[in-house]
Amino acid sequence: MSTTSTSQHDVPSLTPEQLGEVLTLLPGSDSVELKATVPGVDRRRVVDRLGLDPLQAELRQVAFFDTPDLRLDRVGLVLRARRVQHKPGDTVVKLRPVDPAGLSDDLRASPHFGVEIDAMPGGFVCSGSLKAASEDGPIHEVLRRDRPIRKLFSKEQRALVAERAPDGLDWDDLRVLGPITTLKLKFSPPELGRRMVAELWAYPDGSQILELSTKCAPAEAFQVAAETKAFLASRGVDLGAPQQTKTRTALEYFASIGE
C-alpha cells in the first residue's frame with residue numbers, strides 16, 4: 001500500500017489464527033467497527049488533511065464504573081455512562097470479549113443488545129453491549145456522587161451485571177471512574193463514500209487519544225477495511241503505529257491512581 005508518509009511502519013496484519021477467529025465470529029455479529037488511532041506527533045497534520053473542523057464536534061463526557069482494582073473489568077464487564085451536550089445520554093453494560101455463540105437466547109432477543117467486532121490494525125475484540133437511554137440529569141448526579149450508581153442502570157442492565165459480576169461484589173463497591181471529556185465529529189469523505197467518526201478523548205493527566213472509525217455490516221467488513229486503510233494511509237495516518245484503545249487507557253489510568 002502506498003502512503004504519503006516516508007516514516008510509516010509496516011501495517012500489522014491479522015495472524016492466520018486471528019483471521020480464522022474473526023471468520024467464526026462474523027456470522028453471529030451485528031456490526032463491525034473499524035478503528036485506528038493517530039499518534040500524537042501526526043495529529044495536527046492528519047486533522048488538516050482530513051479537513052476536520054473541531055468547532056463542528058459534539059462535546060461529551062464519559063465515565064466508567066468499577067472497583068478501584070477493576071474487578072468487573074477482570075471478568076469482562078465494562079459499565080459506562082455518557083453525557084452529550086444538549087442531548088439525552090445513555091448507559092451501557094458491555095461484555096468483552098464475548099463469543100456470540102455462548103450468549104443466551106433471551107439476551108440476543110433483547111432489542112437493546114448488540115454484538116460488534118471492533119477491529120484495528122493487528123487486532124480485534126468482539127463485544128456485546130446492552131444499552132439504555134438516560135436523561136442528562138441522573139447521569140450528572142451520579143458523576144457528582146449525589147445519586148447511587150445502581151439507579152442509573154435499567155432493570156435489564158442490572159440483571160446482566162448480577163449474572164456476570166464476581167461473587168460478593170455489590171453496587172456499593174463500585175466507584176465513578178471519570179469523567180473524561182471527549183469530542184466527537186462525524187464526517188463523510190467523498191473519496192471514501194461512507195461516514196467516518198473522529199473522536200478525541202482528553203484524559204485527566206493531559207494525554208489524548210484521537211481515534212478514527214467507521215462501521216459496516218459483517219458481510220462487507222473485509223472490503224470496507226481495505227478501502228478504509230487505503231484512504232487513511234493517503235491522508236497520512238500511520239496504520240503501523242502502536243494502537244491505543246480508549247476504554248483500556250481510561251481504566252488503566254484510574255486504576256493507577258487508585259480512583
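The dialogue below sets computed values against their definitions.

Mentor: This is a predicted model, in which local features need pLDDT of at least 70, side-chain atom pairs count only at pLDDT 80 or more, and totals for chains, interfaces and linings use all residues. Residues are numbered from 1 along each chain as its sequence is written, and side-chain values use heavy atoms, with hydrogens and water left out.

Trainee: What makes the radius of gyration of the protein agree with that of a compact globule?

Mentor: The radius is taken over C-alpha atoms, and the globule rule is 2.2 Å times the number of residues to the power 0.38. For 259 residues a compact globule would have a radius near 18 Å, and the protein has 19 Å, so the value agrees. The C-alpha atoms fill a box of roughly 55 × 40 × 30 Å along the principal axes.

Trainee: Why does Leu70 count as buried, and why does His86 count as exposed?

Mentor: Buried means under 20% relative accessible area, exposed over 50%, and partly exposed in between, with a 1.4 Å probe and protein chains only. Leu70 has 8% relative accessibility and therefore counts as buried. His86 has 77%, so this residue counts as exposed. Leu70 lies in the loop between β2 (58-66) and α3 (71-74), and His86 in the loop between β3 (77-84) and β4; helices (H or I, at least four residues) and strands (E, at least two) are DSSP runs numbered from the N terminus. Phi is positive in each of these non-glycine residues, near 60° for Leu70 and near 65° for His86.

Trainee: Why is the pair of Tyr253 and Phe254 called edge-to-face?

Mentor: Rings of Phe, Tyr and Trp (its six-membered ring) pair if their centres lie within 6.5 Å; planes under 30 degrees apart count as stacked, over 60 as edge-to-face and the rest as tilted. The structure holds 5 aromatic pairs. In the pair of Tyr253 and Phe254, the centres are 5.1 Å apart and the planes stand at 75°, so the pair is edge-to-face. Tyr253, at 18% relative accessibility, counts as buried, and so does Phe254, at 3%.

Trainee: What type of pair do Trp201 and Tyr203 form?

Mentor: Their pair is tilted, with 6.3 Å from centre to centre and 40° between the planes.

Trainee: What makes a set of residues a nonpolar core?

Mentor: Such a core is a set of buried Ala, Val, Leu, Ile, Met, Phe, Trp, Tyr and Cys residues joined through side-chain atoms within 4.5 Å. The largest has 39 residues, of which Phe65, Leu79, Ile149 and Phe153 touch the most other members. Strand β5 (residues 113-120) gives the most to this core, with 4 residues. A second, separate core of 17 residues includes Val46, Val47, Met196 and Leu212.
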